[in-house]
Each structure stands twice: as C-alpha cells, then as structure tokens.
Amino acid sequence: MLGKAIQAAGAVGATTLLAVAGAPVAHADNTRLNNGVVANVYTVQHQAGCSTDIKKNPALTLAAEWHANDVLGNRELDGDLGSDGSTPQSRAAAAGFNGKVAQTVAINPALAINNMDVINQWYYDPADFAIMSDCANTAIGVWSVNSLDRSVLVAVYGQPA
C-alpha cells in the first residue's frame, strides 16, 4: 500500500515538474521595476550634472519590449543585436521614434530581477554607464520580462530629433 502511495506521489511530482519546466514565461506586472529603473537613471544623470529630466517615451518602451522578449526567447542573445539582425536604432524607428538611440540590457539568471541588480550591472560597466549618464538622452523606454530561470530588462534611451 505504501509503495503505491509513493509511486502515485512520484507521478504527481514528475507531472508538476514537467508542467513547471514547460512554462515559458512568468507574466508578472513589472511596472514598478521598470519605473524604478527610470528613476535610477534619472538619479545617475543628475549625479553626472545633467539639468534635463529624462521622460518615458511610448515608442522607446515598445522597442525595449520587443528586444526584451527577443532576448528572453533566444538565449544566445545578450546585447544590442536582435535575432532578426535588428539594432536598437532600427527597432526604435520601427516603433515610431525619430532620433538617435542607445540601449542597455540587463540579464539575471533567475526568476526575479530588481532595479539594484540592473543599476549595478550598468553602473560598473563603462559603456553602459556612459549611455545612462549621457545628458543628451532625454527620453527612455524600459521593459522587463521573466521566465523561471532568466530575467531580462532592456532600456532604450533616446535623443529626440
């Protein structure tokens, strides 16, 4: 009797494990995280002497969303280039943004990521820090997505034409 109970429990556990492993994306509301990153970039810019205020831009947010989803779904990606060969500039233009853009990408090998994880990745990387602290970047779009073992956050910075 005990053996059948253990077998049944094992089958349920295996089924649960397979269901969890097959779940591609956790659909969390990352609005708070995304807004926190915008606030952190604002702080970095002002610490760098910027007098302008960076503002969220819907077109740049859409470009960030496209790339975040692409990076989450294509594990060989870890930077600016998309799986279709797109660049931050081409994605921003396709989303309707006119002007020069730059991008930063943060990847965390876990279900969760927080704004301190993101800012620490970018703050100590000279290229990312230069983008974040560039006073000419007055527009921003931020998007983040998660799977069970990976979180991706993309920020697209813009200089409106």
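Is Asp149 buried, exposed or partly exposed, and what is its relative accessible area? Asp149 is partly exposed, at 42%; buried means under 20% relative accessible area, exposed over 50%, and partly exposed in between (1.4 Å probe, protein chains only).

The model is predicted: local features need pLDDT of at least 70, side-chain atom pairs count only at pLDDT 80 or more, and totals for chains, interfaces and linings use all residues. Residues are numbered from 1 along each chain as its sequence is written, and side-chain values use heavy atoms, with hydrogens and water left out.

**View 1. The salt bridge between Asp149 and Arg75.** The closest N and O atoms of the pair are 2.7 Å apart; a salt bridge is a side-chain nitrogen of Lys or Arg within 4 Å of a carboxyl oxygen of Asp or Glu. Asp149 lies in the loop between strand 3 (139-147) and strand 4 (150-160) and Arg75 in the loop between helix 3 (58-73) and helix 4, so the pair ties together parts 74 residues apart in sequence. Helices (H or I, at least four residues) and strands (E, at least two) are DSSP runs, numbered from the N terminus. Arg75 is partly exposed, at 49%. The count by this rule is one salt bridge.

**View 2. Gln89 in helix 4 (residues 88-95).** A polar atom of the Gln89 side chain lies 2.7 Å from the backbone oxygen of Gly99. Leaving aside neighbours within four places in sequence, Gln89 is in contact (heavy atoms within 4.5 Å) with Gly99, Lys100 and Val101.

**View 3. Asp128 in helix 6 (residues 126-132).** Asp128 is buried and has no salt bridge. The nearest side chain of opposite charge (Lys and Arg count as positive, Asp and Glu as negative; His and the chain ends are not counted) is Arg91, 12 Å away.

Conventions
A polar contact is a pair of N or O atoms within 3.5 Å; within protein, one must be able to donate a hydrogen and the other to accept it, and residues adjacent in sequence count only if both atoms are side-chain atoms.
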